[in-house]
2 protein chains.
Amino acid sequence: MDDTLKARPHGTRIEAVMGTIRSGIAARSLSPGMRLASVRAQAKTMQVSVSTVVEAYERLAAEGVIHARPGSGYYVSGPAAPLSLATLGPRVEREVDPLWISRQALEADDATLKPGCGWLPASWMPVTGMRRALRGLARGDEAVLMDYASPLGLPALRSVLSRRIAANGIQAGPDQIMLTESGTQAIDLICRFLLEPGDTVLVDDPCYFNFHALLKAHRVKVVGVPYTPHGPDTEAFGAALLAHAPRLYITNSAIHNPTGAVLSPVIAHRLLKLADRSELVIVEDDIFADFETAPAPRLAAFDGLARVIHIGSFSKTLSASVRCGYIAARPDWIESLADLKLATSFGGGRLAAELLHAALTDGGYRKHMEATRARLAAAMERTAARLERLGVTPWLMPQAGMFLWCRLPEGVDAALVARRCLDEGVVLAPGNAFSQSQTASGFLRFNVAQSAEEKIFAALGRAIDGAVRQRD
Amino acid sequence: MDDTLKARPHGTRIEAVMGTIRSGIAARSLSPGMRLASVRAQAKTMQVSVSTVVEAYERLAAEGVIHARPGSGYYVSGPAAPLSLATLGPRVEREVDPLWISRQALEADDATLKPGCGWLPASWMPVTGMRRALRGLARGDEAVLMDYASPLGLPALRSVLSRRIAANGIQAGPDQIMLTESGTQAIDLICRFLLEPGDTVLVDDPCYFNFHALLKAHRVKVVGVPYTPHGPDTEAFGAALLAHAPRLYITNSAIHNPTGAVLSPVIAHRLLKLADRSELVIVEDDIFADFETAPAPRLAAFDGLARVIHIGSFSKTLSASVRCGYIAARPDWIESLADLKLATSFGGGRLAAELLHAALTDGGYRKHMEATRARLAAAMERTAARLERLGVTPWLMPQAGMFLWCRLPEGVDAALVARRCLDEGVVLAPGNAFSQSQTASGFLRFNVAQSAEEKIFAALGRAIDGAVRQRD
């Protein structure tokens, strides 16, 4: 290669030297603050002239990649472009990246409509129970108001959770349950516990968009398994197991986000059988459990928490403002996860756990959820009908939950529609944010509880008309 | 090498094959669930007989490292020993590992005394203000009780923080401040943002023990810089900069944990000058700011938040039960940190931020902290006097704060004393948990606010006497 380089024109040789330095920085064999080889040494190593190296170094310095220190040589600049989600994978437009929907919905002012967001309006939540819980705590023990939580978190809440998941056939004592800061933090801890950069993780395609953002932060390889109306496509799942030897599969069982589909017992069984001889761990995110109107199978129940880790939170049903999630898993894993939680966040909020425990065991909660399920069912019908009039059709009519996963008219791009609607103060959830394979550009996810306003359908209609005109 | 292997005895050849498989697993080129090369192929590759490979595979299977699948071959077993803090570094006894103190103190029942813990008794905290804040929230807006926080967190609290740090000379607008779940999560996010496994991080020696646990979870190389009564030893700091090109330095400025020392302006200036040409980023953890009785220099003030990231939380002064911390940093870093926070925890608690904002701006807070500082000063004197009687002497008398870093009588091992006291229901903080170089085996950290009970000194006296007898 040295000889070839010598034979090349001066400009190309300069670029070759620049390329070598850049590669070293990218591969982190050259890190910020490190001194580069001297001009002379570099020239000798690369078999080029000293003037070639001088020119290459000066161009890199002009770009800010390196800098000269008088009398001392050249140094790699920084502060090293720090890790950011944007640089962890191919840069995609913020319009369709996994965080687009979150940022738009979370930053929205009161006037913005959010049919694309993943939570109920505050007025649909058990506000009365939460106010009662707050008043109770205001009179409560000072240790509750002031002290750190225990490593696993409030025993009373873990006992309630143990009983609640037992109702779905999952056997886990309170000591096998650890409270976390949120459902997302639960998955994040599990990823930190199990994954190495470069490992492969399976997700449903489509799946909750934040799984993509989270897994990107872990720098793992993500493989999507097509989701059918009854669970993941088991043929594709089996093939992915063989082809990629994945470490982890993250899924929802009861009510799938974004499709609203429900895992069938036969697919649950087949899935676990396929995983049988592998070393796959499965995270089952059961965050929508309380919206369920008929019992669906849980992977954790079939598997007995051997390879399945069951997680959940209270953000969708009690409060997203009071942060708390949980992990139910094998006792030895819970022990290590507790160490990891202490090391990286020093435990969850004791006050949050006490509040949620009070609100969850409040006499009004069960009735409230009954009313909410009925209200959601009605909103589901109404929203589906309004969307049909615009040529937007549900992929399936969910049994329960808040989401409708809908197909736009042929050839209409959801990201384009979402951008147009945002200009009119309507935040939508374009399909590709949920799709690892980027094959859902013709889909939108609707939150039926956030889709009451006529303005949403007016804006959507105009955006679709515009896109259809553009298409034709 | 093949020839050499052939020439070796059968037993050695079996071990060589076993070693190859083990190395593959350790290096993760063989991961759980993967099929090993067939016996025949392996024999050919390694130039050994088929029976050698069969024997090697069977021994590994007996050990559970691999397993046979009839008719299909051998597979790497698992579930892969997952990442745990214990396996991330040399296994140290739980008695002196960085999480020992946390676990003991957080799991302690009401009867246990905790002079080793890092927080004030609940009764010393601003309980009245917190009760008032809870009652206020119980009557408040339903969005506050129910909705997710915005990506950066409650604007009103960020404004208050901006003004508060400005009083210490740190210029950061509310948009340069992001709320986090805790001070620990603030540092964790920064580590995820800046560090790669294998990077080097500088810490003070001694430093807050959880920095060790946190950095272990990030699998970085940790280098300790000896701490002097006026800040880090700048000669050692400069040498470490040159020798290790560290990415990050984590420290406290105002009141150092565990020593109670205060950074002097001259050392602060020298430190930043040393870092000048490097690409070091500095995290300044200012969690004890409100205990300060005289203003100390902040690195973030000298540096103008160029390479310094300033963090803090409310756990020590308002409540450890209501979780919230913050990061003040360069605007571009805050933007990336917000994405990372959303991806890995979906934001902090809105209710927690509202509660802390109310408690912090409560008219009673300033007076409460004044009283707390006076109370701590008195407890400091009293505790030091009681310890002196046992031959336990402070390394320095801190100007403020809750910690006394004390030397035990010559030759007495703090870990041994801590184990004995634990048997008597007293949780101590042995020095080596704070020391990267493990050179603090003769030290204990005392929390003077948790050291009122005579029982502590009685137990400590007996433990020291026992250790002295053992020594002599």
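Two strands are taken to pair if DSSP finds at least two bridges between them, and strands themselves are DSSP runs (E, at least two residues), as helices are (H or I, at least four residues), numbered from the N terminus. The structure is a predicted model, in which local features need pLDDT of at least 70 and side-chain atom pairs count only at pLDDT 80 or more, while totals for chains, interfaces and linings use all residues. Residues are numbered from 1 along each chain as its sequence is written, chains are lettered from A and ligands numbered from 1 in the order in which they are written, and side-chain values use heavy atoms, with hydrogens and water left out.

In chain B, strand β13 (residues 429–430) and β14(B) pair in the antiparallel sense over 2 bridges, with B:P430 opposite B:L444 of β14(B). Strand β12(B) is also antiparallel to β14(B), and 5 bridges join the two; here B:F403 has B:N447 as its bridge partner. Strand β14 of chain B (residues 443–447) is largely enclosed by the rest of the structure, because 5 of its 5 residues are buried (under 20% relative accessible area with a 1.4 Å probe, protein chains only; exposed is over 50% and partly exposed in between). In a regular strand the side chains alternate between the two faces of the sheet. In β14(B), B:F443, B:R445 and B:N447 point one way and B:L444 and B:F446 the other, and all are buried.

Over all chains, the structure holds 26 aromatic pairs. Rings of Phe, Tyr and Trp (its six-membered ring) count as a pair if their centres lie within 6.5 Å, with planes under 30 degrees apart termed stacked, over 60 edge-to-face and the rest tilted. One of the pairs, B:F288 with B:F291, is tilted, at 6.3 Å centre to centre and 40 degrees between the planes. B:F288 counts as buried because its relative accessibility is 5%, and B:F291 counts as buried because its value is 1%. B:F288 also forms an edge-to-face pair with B:F403, at 5.6 Å centre to centre and 85 degrees between the planes. This pair links distant parts of the chain, 115 residues apart: B:F288 is in the loop between β8 (281–285) and α14 (299–303) of chain B, and B:F403 is in strand β12 (residues 403–407). At 4% relative accessibility, B:F403 is likewise counted as buried.

In chain A, ring pairs link A:Y208, A:F209, A:F211, A:W405, A:F434 and A:F443 into a cluster. A charge is placed over a ring if NZ of Lys or CZ of Arg is within 6 Å of the ring centre and within 35 degrees of the ring normal. The charged end of A:R375 is over the ring of A:W124, 4.0 Å from its centre. In chain B, B:R375 lies over the face of B:W124, at 4.1 Å from the ring centre.
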